[in-house]
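Please open the structure in your viewer and keep the selection tool at hand.

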Amino acid sequence: MRIRLFTLALFLFSMLQRPVSAGPAWHETKGKHFIVYAQEGGSFSNSVLRKAEEHYQSITRYFGNLPKSDFWSWDNRCKIYIYRSRAEYVSQTGQPEWSGGFADVNSRSIVSFQNAPDFFDSILPHEMAHLVFREFVQLNNREVPRWLDEGFAIAQETNVRTALDETVRKAVARNETLSIGRLNAMSTLHQQPTESARLFYAQAQSITRFLIEGRDGSYFLNFCRLLRDGVEFEDALRRSYRRDFGSIDDLEKSWRRHVKRH
Ligand SMILES: [Zn+2]
């Protein structure tokens, strides 16, 4: 679920979602990897479809060995439900007022509403990234920390990057960052003060991008494969980034140096 960063709420990992109800009459628009269900069909649905395919190409490129022939094709297509209004979305899904959208891995679907702020550039890529990432590393994989899942999703939202990187830069300069050990332990943001929650998001995307971009993509892919295969987090890190860092502490030091340099 994506939360607007300035209204950071405490419900990040809450499990509020209900399956999409059969209530409204949906117009169905089918594409290669997606089926869009909207209460208004036509050009809006086509725009959603076009944008979704663009994000799909950019997100799946990190995972080289997806079974290309049937991943999200035909009967496995991802469903995108767009309610007519926020009010309808809230009442039908049980989501809180501030929610702009959510993804449900079990039904491989993304749910939002028409005119949701930043739908095309934030909500859609963010929720899609959660689905792709969780499917790749296997749902409920205990070796995958929340910050990595969230960091990968936020990293797909290019429009929030500058602000979050600024938060990180300041925190590093003041020596106020959350340690990676602490991030690993934060499986929920319930009870976290807003500042820690913001820092959690900001660092999550920064460290994840450091892991993705610091080397060619094969390192990150290998890291994710090892996690998927049940290798413990630090071991997976060591085995995939051997030349760069041999421990969580090393990763943290390298990342901090990287932030200071940029
Ligand atoms: Zn998220």
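Is Phe152 buried or exposed? Select Phe152 and show its side chain: its relative accessibility is 0%, so Phe152 counts as buried. Please bear in mind throughout that the model is predicted.

**First stop: a ring pair**

Now colour the chain by secondary structure. Phe152 belongs to helix α4 (residues 146–155), while Phe63 lies in the loop between α1 (43–60) and β3 (78–83), so the pair ties together parts that are 89 residues apart in sequence. Phe63 also counts as buried, at 1% relative accessibility.

**Second stop: a tilted pair**

Next, select Tyr219 and Tyr241. Their ring centres are 5.6 Å apart and their planes stand at 50°, so this pair is tilted. Tyr219 is found in helix α8 (residues 218–228), and Tyr241 in the loop between α9 (233–240) and α10 (248–261); the pair links distant parts of the chain, 22 residues apart. To count as buried, a residue must have under 20% relative accessible area. Tyr219, with 13%, is therefore buried, and Tyr241, at 1% relative accessibility, is buried as well.

Then select Phe136 and Arg228. Here Arg228 lies over the face of the Phe136 ring, at 5.1 Å from the ring centre.

**Last stop: the zinc ion**

Which protein atoms are the donors of the zinc ion? Select the ion with His126, His130 and Glu150: the donors are NE2 of His126, NE2 of His130 and two OE entries of Glu150, lying 2.1 to 2.7 Å from the ion. Along the sequence, the donor residues are spaced H-x3-H-x19-E. Now display helix α3 (residues 119–137), which holds both histidines. Because His126 and His130 are four residues apart in this helix, about one helical turn separates them. Both His126 and His130 are buried.

Finally, consider the angles among the four donor atoms, which run from 52 to 135°. A tetrahedral site requires all angles to lie between 85 and 135 degrees. The site of the zinc ion is irregular.

Conventions
Residues are numbered from 1 along each chain as its sequence is written. This is a predicted model: local features need pLDDT of at least 70, side-chain atom pairs count only at pLDDT 80 or more; totals for chains, interfaces and linings use all residues. Side-chain values use heavy atoms; hydrogens and water are left out. Helices (H or I, at least four residues) and strands (E, at least two) are DSSP runs, numbered from the N terminus. Buried means under 20% relative accessible area, exposed over 50%, partly exposed in between (1.4 Å probe, protein chains only). Rings of Phe, Tyr and Trp (its six-membered ring) pair if their centres lie within 6.5 Å; planes under 30 degrees apart count as stacked, over 60 as edge-to-face and the rest as tilted. A charge sits over a ring if NZ of Lys or CZ of Arg is within 6 Å of the ring centre and within 35 degrees of the ring normal. Donors are N, O and S atoms within 2.8 Å of the metal (3.2 Å for Na, K and Ca); water is not among the atoms, so sites may look incomplete. Four donors count as tetrahedral if all angles lie between 85 and 135 degrees; four count as square planar and six as octahedral if opposite donors are over 155 degrees apart and all others between 65 and 115; anything else is irregular.
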